[in-house]
Amino acid sequence: MTIKGIGPKNAKIIERLCGKYIVDLLFHKPAAYIDRRNSPKIIDLEEGSIATVVVKIDSHTPAFNRRMPYRVNVSDDSGQMSIVYFNLRGPYIKKILPIGSTRVISGKIEKFNDLYQITHPHHVVDIKNLDSVKKIECVYPLTAGVTSKIIQKSINSALSMVDELPEWIPAKVLERNKWPSWKDSIYQMHNPKDVKENDDNKYIERLVFDELFSQQLTIRLIKNKISHKNGISLPKKNKLSKQLRDQLKFQLTGDQETTIEEISNDQEGSSKMLRLLQGDVGSGKTIVALFAMMQCIENNKRSVLMAPTEILAEQHFNTIKEFISDLNLTCSLITSSNKNNHNFEADIIIGTHALFQQKVTFENIGLVVIDEQHKFGVHQRILLNEKAGNSCDILLMTATPIPRTMELAAYGDMDISKISEKPKNRKEIITKSINISKINQLKESLTKILNKKQKIYWVCPLIDESEKLQLQSVNSRVNDLKKYYSSNNVGLVHGQMSQEEKNDVMSKFKDNKIDILVATSVIEVGIDDPDATVMIIENSERYGLSQLHQLRGRVGRGNVQSTCILLFEGPLTENAKRRLKVMKETNDGFLIAEEDLDIRGAGEILGSKQSGIPNFRLSNLDKHKHILEEARGVAMDIVKEDPDLKKSAGKAQRTLLHLFRNQVAIDYLKTG
């Protein structure tokens with residue numbers, strides 16, 4: 001079905017902006033509303049307001065040069081004002097505002113030399129068209145090549161095609177919330193009767209519920225399906241697990257013990273495991289995953305661990321290889337850089353995106369572990385799941401604590417384990433903020449750290465100097481530090497280096513051949529060096545809270561007190577001040593995640609395409625938490641009563657799922 005009156009050129013632009021389907025156009029929510037019903041006399045105008053005035057055109061005062069405005073002097077029976085234009089030709093202005101005519105002018109009221117004026121009015125029409133201006137106007141998100149007028153015309157055409165759909169919301173929920181029908185709601189969103197209530201009105205609220213209900217219903221349906229899906233039962237035998245535990249040189253935390261037991265019980269069950277392991281930075285997720293791998297190997301199955309970067313994959317490989325060295329087990333690393341040593345028959349296979357290569361095949365896999373899972377797209381997870389066998393257990397891991405609201409929105413189908421307790425020998429990282437103007441004092445104080453044979457990370461946001469962004473580049477900082485610390489070795493690592501180059505630098509840092517490692521945020525994950533005790537983050541005011549916390553977590557991994565220095569350049573925005581304050585007050589990643597959600601909003605916490613967080617069109621998780629909770633409850637009740645949506649109400653709910661095209665969410669939920 002196509003929309004009449006929209007040519008091929010505009011259709012392509014609208015498709016890029018909204019989507020290819022008519023329903024996408026209907027869900028193109030206005031960003032704001034302008035109320036043009038305010039139609040006072042000139043004497044009653046208020047500066048800064050939007051007003052629609054009916055005036056007589058008295059005279060024109062042309063501009064003498066391009067810098068001067070063209071003024072049209074107008075009046076009504078209460079006073080005079082001006083209509084102002086810049087860089088418009090006089091003949092055109094005289095045509096639309098002929099002297100002696102009456103016109104309806106709508107725009108923002110300004111004041112100049114005690115006289116009211118409207119600069120470049122939004123509407124200029126004949127008095128006959130007064131009613132077409134005096135209404136509430138939608139302001140839509142736009143893109144180059146399309147105007148709000150074209151979008152409004154397209155949406156109105158789409159609205160004329162809308163039929164009444166069967167009601168998918170239970171009657172008691174509709175009645176309790178006093179929500180109108182879907183058809184009325186979608187019409188009123190684009191043709192509102194009032195703007196005083198804005199996002200809190202019942203029409204918008206109902207549509208928000210529809211979107212969240214559709215997504216939560218998808219989650220619950222898949223959760224129900226997974227819980228009844230046959231997996232691989234891996235009974236506890238505890239032989240390898242006991243050997244691993246006996247050789248540990250540290251005591252597991254209570255959270256680790258609890259999580260190991262939760263995962264073990266899942267593996268032993270007959271249903272497919274789909275569990276998310278959230279562990280704060282440095283909390284010891286890898287060893288928890290390793291215990292799950294031991295249970296897998298004890299049952300003659302192999303495990304696959306996928307990481308987003310070669311640095312992190314190699315870190316996992318080295319860590320796990322050391323743990324299993326005395327257990328007579330094999331471990332293989334599969335990366336693009338490590339092409340000659342691939343062993344697909346190893347007990348534990350660790351790799352990056354290289355695992356997706358056609359020549360890489362797996363057999364007899366019992367467990368797939370995906371670390372930093374939000375770094376992978378949906379289809380990558382699906383591909384790995386299919387390669388390993390759809391019945392194998394899946395354990396997702398993330399060092400980015402997820403706020404409760406986002407847990408419900410994206411991970412409501414999963415069982416979730418959390419490790420917030422740090423290892424017993426770990427000390428809280430001391431965090432300080434220092435103005436960049438005091439960098440010389442900082443460099444002087446760092447000599448004491450270097451004299452103690454401790455190492456330093458120095459993170460910068462850019463690779464080369466930029467005139468547009470006055471941020472410190474790694475290349476510039478490396479040269480500066482090499483001059484200052486001439487007796488120490490300064491290394492450099494960034495994302496544009498080859499993997500071999502990065503590995504070489506990281507090895508030298510690990511082997512104490514480099515004392516100061518200057519880097520971009522490429523070191524955000526996958527670096528574990530207990531001798532690194534200082535993290536310096538330059539231009540820290542430009543980073544989000546969660547990323548600052550991730551970077552800080554690269555230190556504090558040994559027994560020595562570690563410090564994080566947040567270098568900033570003032571003046572700071574209020575949000576930047578708040579972020580730095582939070583970082584200095586707490587090391588708790590879960591608390592930081594909630595603060596980050598509050599400061600930045602859900603839309604920026606995790607990229608939706610990469611994280612599996614739904615890309616909501618109508619909902620705002622910051623505002624609509626209460627609606628999300630209600631949608632979750634209703635979805636749970638429905639799936640409990642009608643798990644296949646075969647009843648009459650279920651058929652209507654299938655329409656809802658189709659309307660919001662939840663296939664991507666379904667694919668995501670199948671693989672985490």
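**The largest pocket**

I began with the largest pocket, where helix H11 (285-298), helix H12 (310-324) and helix H17 (499-510) each supply at least two residues of the lining. This is a predicted model, so I keep in mind that the totals for linings use all residues. I looked up the volume of the largest pocket and noted about 1,500 Å³. Which helix gives the most to the lining? I found that H12 does, with 10 residues. The lining has 47 residues, and Gln315, Thr319, Phe323, Asp528 and Arg557 lie nearest the centre of the pocket. By kind, I wrote down 16 nonpolar, 16 polar and 15 charged residues in this lining.

**The protein overall**

I then stepped back to the whole chain. I noted 25 helices and 22 strands. The protein has 672 residues, and 53% of them are buried. I also looked at contacts with a separation of 6 or more: residues 24 or more positions apart account for 74% of them. The accessible surface comes to about 31,800 Å², and carbon and sulfur atoms hold 48% of that.

**Helix H15**

Next I checked the length of helix H15 (residues 439-451). Its 13 residues should span 18 Å at 1.5 Å a residue, and I noted that this agrees with the 19 Å between its end C-alpha atoms. Which residues of H15 are buried? My list reads Ile439, Leu442, Lys443, Leu446, Ile449 and Leu450. The elements they pack against include strand S17 (430-435), strand S18 (455-459) and helix H16 (474-484). Strands S20 (516-519), S21 (532-537) and S22 (563-568) are also among the packing partners of these buried residues. Just after H15, I came across lysine 453, with a positive phi of about 65°.

I turned to H5, which has 12 residues and reaches 16 Å from first C-alpha to last, close to the expected 16 Å. Its buried residues are Ile151, Gln152, Ser154, Ile155, Ser157, Ala158 and Leu159. Their cover includes helix H1 (8-18), helix H2 (22-26), S9 and helix H7 (182-190).

Threonine 147 sits in the loop between strand S9 (136-139) and helix H5 (148-159). Threonine 147 and asparagine 10 are 137 residues apart in sequence, yet their C-alpha atoms are 9.8 Å apart in space.

**Threonine 655**

I found threonine 655 in helix H24 (residues 648-659). It counts as partly exposed, because its relative accessibility is 27%. Setting aside neighbours within four places in sequence, threonine 655 is in contact with Pro166 and Trp168. Proline 166 is 489 residues away along the chain, and the two C-alpha atoms are separated by 8.1 Å.

Most residues other than glycine have a negative phi, and most peptide bonds are trans. With that in mind, I marked the cis peptide bond between glycine 570 and proline 571, where omega is about -5°. Proline 571 is in the loop between S22 and helix H19 (574-585).

I also marked asparagine 113, with a positive phi near 55°, in the loop between strand S6 (110-112) and strand S7 (115-119). Asparagine 113 counts as exposed, because its relative accessibility is 66%. Aspartate 114 is found in the loop between S6 and S7 and has a positive phi of about 65°. Aspartate 114 counts as exposed too, at 73% relative accessibility.

How values were computed
Residues numbered from 1 in each chain as written. Predicted model: local features only at pLDDT ≥ 70, side-chain atom pairs only at ≥ 80, totals over all residues. Heavy atoms only, no water. Helix = DSSP H or I, 4+ residues; strand = E, 2+ residues; numbered from the N terminus. Buried < 20%, exposed > 50% of the residue type's maximum accessible area, 1.4 Å probe, protein only. Contact = heavy atoms within 4.5 Å. Areas by Shrake-Rupley, 256 points an atom, 1.4 Å probe, with all protein chains shown as cover. 1 Å grid on protein atoms, 1.4 Å probe; cavity = no way out; pocket = protein on both sides within 12 Å on 5 of 7 lines; lining within 4 Å. Points joined across faces, edges and corners; volume = space filled by probe spheres on them. Nonpolar A, V, L, I, M, F, W, Y, C, P; charged D, E, K, R; others polar. Expected span 1.5 Å × (residues − 1).
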